[in-house]
Amino acid sequence: MIQELHDIQAAAGATFSELTTKEIVPVSFGNDAEAIAATKQGAALYDRTHWGRIQISDSDRLRFLHNQSTNNFNILKPGQGCDTVFVTSTARTIDLATAYATEDAVLLLVSPNRRRQLLELLDRYIFPMDRVELTDLTDTTVAFSFLGPESTQLLEKIGVTELENQPYATHKLINFAGVEVRVAVGSGLATPGYTLIAPASGAAHLWQELVKAGAVPMGDRVWEQLRIEQGRPAPDFELTDDYNPLEARLLHTITYDKGCYIGQETIARLNTYKGVKQQLWGVQLSGAVEPGTAVTIGEEKVGKLTSFTETESGFFGLAYIRTKAGGEGLKVQVGSVSGEVVNVPFLSS
């Protein structure tokens, strides 16, 4: 079923790459400049099928997730959702996930390289008395995201009008061209848009219809450029054992008064005593530089570059910068390259 989708994408010019997690991803459709333009003036369509989709069901599902991550699940009603961070017992980041609450389950959209780890983690915390069931839906479903200012108009073409101006992660189930599709507010980046989750059996047909409606296919290479430009932290880069959600500036995912959860004590202490020693920022760079390079002011190391990309307007990276060194507007050196610390839209919301 997924092969049929890949065949259609290949016919449209897609080249593919295999991730370390074995998923096959369309890297580019040979139209990167057009796809970037579509995110700014139209609607781009990104295949997120390689991301993980984990369903948590049964009657204790909300309480269980409430205790496992940083956001408040107990207040979620069907049709609502939120971003949340899964952390270790010492509040080190594992993944930034999006949760969608339905009538009888919660669907988690998680990073490709964290699906198995999160399944194992969640399973480990299900105790005999818990009424919780985990199901990995990744191989039986697909996920696509629209990005761009024309996304709402494009959705209207396929008959979805109820989600305009709704809060982030609001979602509903629709029937489109015979395919049952869950449509949610939010593209996964700061660019406005929507995310669609559907059965794998309808993937190829759904993709064709969305392109026919005017969406410009976009590969993973453009997503990665936009991710870095906009400041969405990613596992293995910004989300690692070295950092916590406050340092990653994922403040919209943290509910301080929700009570006990894994990592809660550390996060509460850091917040109460202003103990955040470093924070994630964008860095405008004068040249190319490798992730992992030290960020310095004079002879003093003040941070580390975690991601790098080249954009139409120059070189750009993400870096953790020591809080005492400063923030936006700070002039730094990154290896042999000069840089200026800037804010990024994903972390400004």
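**Helix α2 and its surroundings**

The buried residues of α2 pack against β2 (24-28), β3 (44-47), β9 (141-147), β13 (216-218) and α7 (220-230), where contact means heavy atoms within 4.5 Å, and helices (H or I, at least four residues) and strands (E, at least two) are DSSP runs numbered from the N terminus. This is a predicted model, in which local features need pLDDT of at least 70 and side-chain atom pairs count only at pLDDT 80 or more, while totals for chains, interfaces and linings use all residues. Residues are numbered from 1 along each chain as its sequence is written, and side-chain values use heavy atoms, with hydrogens and water left out.

**Faces of α2**

- In helix α2 (residues 32-41), the buried residues are Asp32, Ala35, Ile36, Ala38 and Thr39, buried being under 20% relative accessible area, exposed over 50% and partly exposed in between (1.4 Å probe, protein chains only).
- Seen down the axis of α2, these buried residues fall within an arc of 155°, so they line one face of the helix; the arc is that of the directions from the helix axis to the C-beta atoms.
- On the other side of α2, Ala33 and Gln41 are exposed.

**The sheet**

- Six strands form an open sheet with mixed pairing, in the order β10-β11-β12-β9-β3-β13, two strands being paired if DSSP finds at least two bridges between them.
- Because β10 (171-176) and β13 stand at the edges, each with a single partner strand, one side of each is left without a neighbour in the sheet.
- Four bridges join β3 and β9 in the antiparallel sense, and Asp47 stands opposite Phe144 in β9.
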